[in-house]
Amino acid sequence: MSEASGSWRTLFGYVRPYRGLLALGGALTLISSLTGLAMPLLAKTVVDAFGAQRPLTGPLLALTVTVLVGGALVGALGRYVLERMGEGIVYSARVRLVDRMLRLRVSEVDRLRPGDLLARVTSDTTLLRVVFTSGLVESISAAFMLAGALVMMAVLDGFLLLVTLAVLVLVGGLVGLLMPRIKNASEQAQASVGEMGAVLDRVLQAFRTVKSSGAEGREITAVAAAARRARDRGVAVAWWTSLAGTASWGAAQLTFVAVLGVGGARVASGALTVSSLVAFLLYLFYLVAPIAQLIQGATHVQGGLAAAARIRQIESLPGEEPADGFSGRVDAAPAGVTFEGVVFRYGDDRPAVHRDVSFTAPAGGMTALVGPSGAGKSTVFALLERFYERQAGRIAVDGRDIGHWPLAELRAAIGYVEQDAPVLDGTLRENLLLAAPHAREADLRRALRLTRLEDLVTRLPAGLDSMVGHRGVMLSGGERQRVAIARALLRRPRLLLLDEATSQLDAVNELLLREVIAEVAAETTVLVIAHRLSTVAGADLIVVMEDGRVRATGTHAGLLHGDALYRELATTQLLTRPA
Ligand SMILES: Nc1ncnc2c1ncn2[C@@H]1O[C@H](COP(=O)(O)OP(=O)(O)OP(=O)(O)O)[C@@H](O)[C@H]1O
């Protein structure tokens, strides 16, 4: 399927649910155009009546007024119906795109930029609105009006029509040449809006780092540069559009002068009546609006096609099977984990992150993963959650290959606490209920007690309904971690994956975290990526990873004697060090 036909398919896919409104709006617009077409004929009748010194009859006047007022009212109603449909299309496109985005594979989203994705939902979709309103429907009605006017002109005077057509063909050719440029410029303009969103998002995501680096000025310049590119491309669209507009306006003037000159001569020679020339000129006048509408409509369609292409890029990315809304009863028994000869790389062109990872974390209790930075510890968690698929080897949870688990059931069985930003903007309650929206108040209280968050809730001005800020900035690092653990626990996981914070926690928070992990490990399996000696000291099993492999497993005491790397990591108290 070519890109253009794919974009058309996308566009028609959006309009399908609104075909009733489209037909109604289109019919009303067409009726209004037809009443417009009747006006010059009525004018001719009036002029003829004056010429023959006949008085204007009541019915003729009434007909003229009815056609005029009725046409305007029907036209207004048609526009409203079409605009309504346009809003509906934008709404559906947004909902569908967001649905698609949130169901993409993590590996696909890694390659996209959040700011650009945001622009596709907020900005590109708005361009779809005009495709079917001032784009297609008005163009069709303009084409209809154009054809009608041409027929009437042929009836009035064939020779004058030929003069008119010669000029129109010239303009048509010129505009046809301009259309691909308008589409290109629109596509680039939308892409640069996305680019600007991406640059801005980069700054907002690392607001404090940008400030502490004194980089505001440079980042403002970077956003301004992206905004300038968007402006320049917008100006390019305006340039090609106005060129097309000027061509149509010039053509109208040229035709008018030519018809007036030739028509005047024909009236003088007696080949044409004055009333026919007046009617012809009125029809000519009528041509200007539909031609301008056709050009504008074509421009809108080009913009819409460009937007549809960008939306389609996202829609055509591979998604994963639905993984939310698991409603089955989860067996709450702790689940063990097995890795056997796992090989994994993040992309075909990337080095292997897991070369041969094998270990078994028994059901229940705590297993700690340690090793130098970049050893592949967080990747173990990403593979367990099936954010990425391994290339070789076997990964099993509760003895069952994770490829054989329905994704929703697998993720419902696992609680995952990531290291960075584990808290979302919103209230504390919303954060806790994210993974278990129907959790009972008693369970909520129990999770808060278990994660030592009761004091925090009492301290906050609005308790559980206090806002925690973007990425939870209003909480301390330790509190964020514990909120994330409480959230994961509310799902009653059979396996809890905990990526411990690398930043230093104060002694109180560190002690609290240790207590929480120990208590949670009593009721479920805990797999923790440990960065602190205090965490591994309480582990039932320690897995030492290095360079994509497991180099040793054992207890703290055993590994202190048996593994040099572990001894080194443990004696520095810091269980991660640069590779
Ligand atoms: N999404 C990703 N895309 C591409 N490469 C990645 C991705 N995530 C991690 N990597 C690479 O994979 C390697 C292992 O990363 P991983 O996060 O598993 O290490 P780690 O042992 O958890 O390190 P740390 O203790 O520093 O968090 C790193 O070299 C990293 O650059």
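**Notebook: strands, spans and a ligand shell**

I took a residue as buried if 20 or more other C-beta atoms lie within 10 Å of its own, as exposed if 12 or fewer do, and as partly exposed in between, with C-beta atoms placed from the backbone. I took helices (H or I, at least four residues) and strands (E, at least two) as DSSP runs, numbered from the N terminus.

I note that this is a predicted model, in which local features need pLDDT of at least 70 and side-chain atom pairs count only at pLDDT 80 or more, while totals for chains, interfaces and linings use all residues. Residues are numbered from 1 along each chain as its sequence is written.

**Entry 1: the strands around β8**

I recorded that five of the five residues of β8 (residues 525-529) are buried, so this strand is largely enclosed by the rest of the structure. I then looked up its partners, counting two strands as paired if DSSP finds at least two bridges between them. β3 pairs with β8 in the parallel sense over five bridges, and Met366 has Val526 as its bridge partner in β8. Strand β7 (residues 495-499) also pairs with β8 in the parallel sense, over five bridges. There, Leu495 has Thr525 as its bridge partner in β8.

**Entry 2: from β3 to β10**

I followed β3 (residues 365-370) to strand β9 (residues 541-546), which runs parallel to β3 and is joined to it by four bridges. Leu369 stands opposite Val543 of β9. β9 in turn pairs with strand β10 (residues 549-554), this time in the antiparallel sense and over five bridges. In that pairing I found Val544 opposite Ala552 of β10. The hairpin of β9 and β10 has two residues between the strands, and Asp547 takes a positive phi there, near 55 degrees.

**Entry 3: another hairpin**

I looked up β1 (residues 337-345) and β2 (residues 352-361), which run antiparallel and are joined by six bridges. Thr338 has Thr360 as its bridge partner in β2. A hairpin of six residues links β1 to β2.

Which residues does Arg487 touch, leaving aside its neighbours within four places in sequence? I found Asn431, Leu432, Leu434 and Ala435, where contact means that the C-beta atoms, placed from the backbone, lie within 7 Å. Arg487 is found in helix α16 (residues 477-490). It counts as buried because it has 24 C-beta neighbours inside 10 Å.

I noted that Arg386 has a positive phi of about 55 degrees although it is not a glycine. Arg386 lies in the loop between α11 and β4 (392-397), and it counts as buried because it has 21 C-beta neighbours inside 10 Å.

For Arg452, phi is also positive, near 55 degrees, in a residue other than glycine. I placed Arg452 in the loop between α14 (441-450) and α15 (454-459). With 21 C-beta neighbours inside 10 Å, Arg452 counts as buried.

**Entry 4: the ligand**

How many residues surround the ligand? I recorded 12, of which the closest are Tyr346, Ser373, Lys377, Ser378 and Thr379; a residue is near a molecule if its C-beta atom, placed from the backbone, lies within 6 Å of it. Helix α11 (residues 377-384) gives the most to this shell, with three residues. By class, the shell has three nonpolar, seven polar and two charged residues. In this count Ala, Val, Leu, Ile, Met, Phe, Trp, Tyr, Cys and Pro are nonpolar, Asp, Glu, Lys and Arg are charged, and the others, Gly among them, are polar.

**Entry 5: annotated spans**

I consulted the UniProt record, an unreviewed entry, whose annotation "transmembrane region" covers residues 21-41, 61-82, 130-153, 159-179, 237-261 and 267-289. UniProt positions are given in the numbering used here, feature names are shortened, and annotations may be inferred rather than shown by experiment. Residues 130-153 are 100% helix and 0% strand, with their end C-alpha atoms 31 Å apart. Residues 267-289 are 78% helix and 0% strand, and their end C-alpha atoms lie 26 Å apart.

**Entry 6: the whole chain**

I counted 20 helices and 10 strands in the protein chain. The radius of gyration of the chain is 35 Å, well over the 25 Å that the globule rule gives for 579 residues, so the chain is more spread out than a compact globule. This radius is taken over C-alpha atoms, and the rule is 2.2 Å times the number of residues to the power 0.38. Along the principal axes, the C-alpha atoms fill a box of roughly 120 × 50 × 45 Å. Buried residues make up 38% of the 579 residues.

Technical notes
Two residues are in contact if their C-beta atoms, placed from the backbone, lie within 7 Å.
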